[in-house]
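Work through the exercises below with the sequence and the model side by side. Each task is followed by a solution that goes step by step.

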Amino acid sequence: MMLNLSKEELLLQAWNYYDIIIVAVFSIGIALFVSKSLRRRVVITEKGGIPGRLGLPFLGETFSFLSSTNSTRGCYDFVRLRRQWYGKWFKTRLFGKIHVFVPTTVGAKTIFANDFVQFNKGYVKSMADAVGEKSLLCVPHESHKRIRRLLADPFSMTSLSMFVKKFDKMLCERLHNLAARKSFVVLDFSMRLTFDAMCNMLMSITELSLLRDIERDCTSVSNAMLSFPFMIPGTRYYKGIKARKRLMKTFGEMIMRRRSGRESHEDFLQSMLQRDSYPPNEKLSDTEIMDNLLTLIVAGQTTTAAAMMWSVKFLDDNREAQDRLREEQLSISRNKPEGALLTLEDLNSMSYGSKVVKETLRMSNVLLWFPRIALNDCTIEGIEIKKGWHANIDATCIHYDPDLFKDPMHFNPSRFDEMQKPYSYIPFGSGPRTCLGMNMAKVTMLIFLHRLTSGYSWKVDDPDTCLEKKAHIPRLRSGYPITLEPLKSGN
């Protein structure tokens, strides 16, 4: 019996690492010849060079990177270790490409200010395959400006005003239902909440079975974004590409029903289809619509939900900040009729709440770095970057720099009472590629924090600080389970 159990466990472990094992088998012949050199850290120090190790052609340090991604320390541990070995600037080879990690505000400014001129967006192949070649994340410069302009409508002030009330109503109902339960996981709650809100805003989807089908496939797509791009059954990449095909079929059928007049809604998708008769530069093709629907859902859900989870943790760890935020939010509640929904004007009055959101985004770094590709040979602060290299703006390093933020590991929203140095605070990037959903993410977090702190106190059920494995966004593996306790009237 014990022997059979051990075999099952071994098979389960092999299946969990299937995609990594397959690549390892292909490269084992080469690895045997260079195993000794791989055990040594090789620091490149030639004139004008950047320290680091490139390792084998194509593979480089990809296995080490994936090992970090598959650990409870998270993928940024790969970067943190190499910075200890080589200094702030270093280079490595991942998925066949040379990457330089850029750790300074000067470097960030140089790259962001020259987007599309000296640099273009860089993603690993699996990420581009997952979201689609017509995604705003992947299209070339000539298409990016047009697509971004046409995608901007859901994020306008008018659209946000409508979103605030819809999201607030949905949140109040779900928090009320949760308060009767013993415990819930903040990350799971936030993931479903933001997903349902995005699908409602973009496509007016409210049918539960359809929402859950789309959610499962979007999760598979998200999981495939950092994986080896080989279509081998059982791997995350394979599952993600299959899920993407199902999503494209679902979106395509939805578009057909609307064009035939069988369905009509006031939402983002309908506004895109109403442009069918417009000139080519004033409309999106069906492929562009579908790729960007997927992009908006995946990007909007995962990052915002993770930030919401981290906000609860940071506030629980810092009761002074939590009490001050609650005081501000209760003051806003007292000045509104009972049961009234929040408005955009209410959110604009949340001075301390806005600083809590900023500090959460600074410390959580849900976007660890911003990848760019050098279009030509160039120099950044005397560092030579070759054409085709990836120059990654390391937002995490910048946000944790003690020269920019005093006591950077301490959660202190009041630090934003003062103006920050340019390019020292970049959770949404900067320049022409600044995150399109920046304002929506902020209002979503503010509404969540208002309803949480003005209506409830909470107790943490699992304080585990280990990170979720295989996630390209830092998230606690526990998801941060808490128990809500409604505030007593008169608070």
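**Exercise 1. How many disulfides does the structure hold, and is Cys-172 buried, partly exposed or exposed?**

Solution. Begin with the criterion, under which a disulfide is a pair of cysteine sulfur atoms within 2.5 Å; the structure holds 0 disulfides. Before going on, note that this is a predicted model, in which local features need pLDDT of at least 70 and side-chain atom pairs count only at pLDDT 80 or more, while totals for chains, interfaces and linings use all residues. Residues are numbered from 1 along each chain as its sequence is written, and side-chain values use heavy atoms, with hydrogens and water left out. Next, apply the accessibility classes (buried is under 20% relative accessible area, exposed over 50%, partly exposed in between, with a 1.4 Å probe and protein chains only). Cys-172, with a relative accessible area of 26%, is partly exposed.

**Exercise 2. Place Cys-435 in the chain and list its contacts beyond its neighbours in sequence.**

Solution. Then look for contacts, meaning heavy atoms within 4.5 Å; once neighbours within four places in sequence are set aside, Cys-435 touches Arg-148 and Phe-428. Its relative accessible area of 32% makes Cys-435 partly exposed. Finally, consult the record: an unreviewed UniProt entry annotates Cys-435 as "binding site", with the caution that such annotations may be inferred rather than shown by experiment, that positions are given in the numbering used here and that feature names are shortened.

**Exercise 3. Compare the span of helix 13 with its expected span, and state how many of its residues are buried.**

Solution. The expected span of a helix is 1.5 Å times one less than its number of residues. Helix 13 (residues 286-317) has 32 residues and runs 47 Å from its first C-alpha to its last, close to the expected 46 Å.

**Exercise 4. Which elements cover the buried residues of helix 14?**

Solution. Helix 14 (residues 319-334) reaches 22 Å across its 16 residues, close to the 22 Å expected. Its buried residues include Leu-325, Arg-326, Glu-328 and Leu-330. Their cover includes helix 13, helix 15 (344-348), helix 16 (351-364), helix 18 and strand 10 (456-460).

**Exercise 5. Which residues form salt bridges with Glu-288, Asp-291 and Asp-317?**

Solution. A salt bridge is a side-chain nitrogen of Lys or Arg within 4 Å of a carboxyl oxygen of Asp or Glu, and the structure holds 35 of them. Glu-288 pairs with Arg-146 at 2.6 Å, N to O. This pair links distant parts of the chain, 142 residues apart, with Glu-288 in helix 13 and Arg-146 in helix 7 (residues 141-151). Both Glu-288 and Arg-146 are buried.

Asp-291 forms its salt bridge with Arg-244, the closest N and O atoms being 2.7 Å apart. Since Arg-244 lies in helix 11 (residues 236-259) and Asp-291 in helix 13, the pair ties together parts 47 residues apart in sequence.

Asp-317 meets Lys-313 at 2.8 Å, N to O. Being 4 residues apart in helix 13, Asp-317 and Lys-313 are separated by about one helical turn.

Key: Helices (H or I, at least four residues) and strands (E, at least two) are DSSP runs, numbered from the N terminus.
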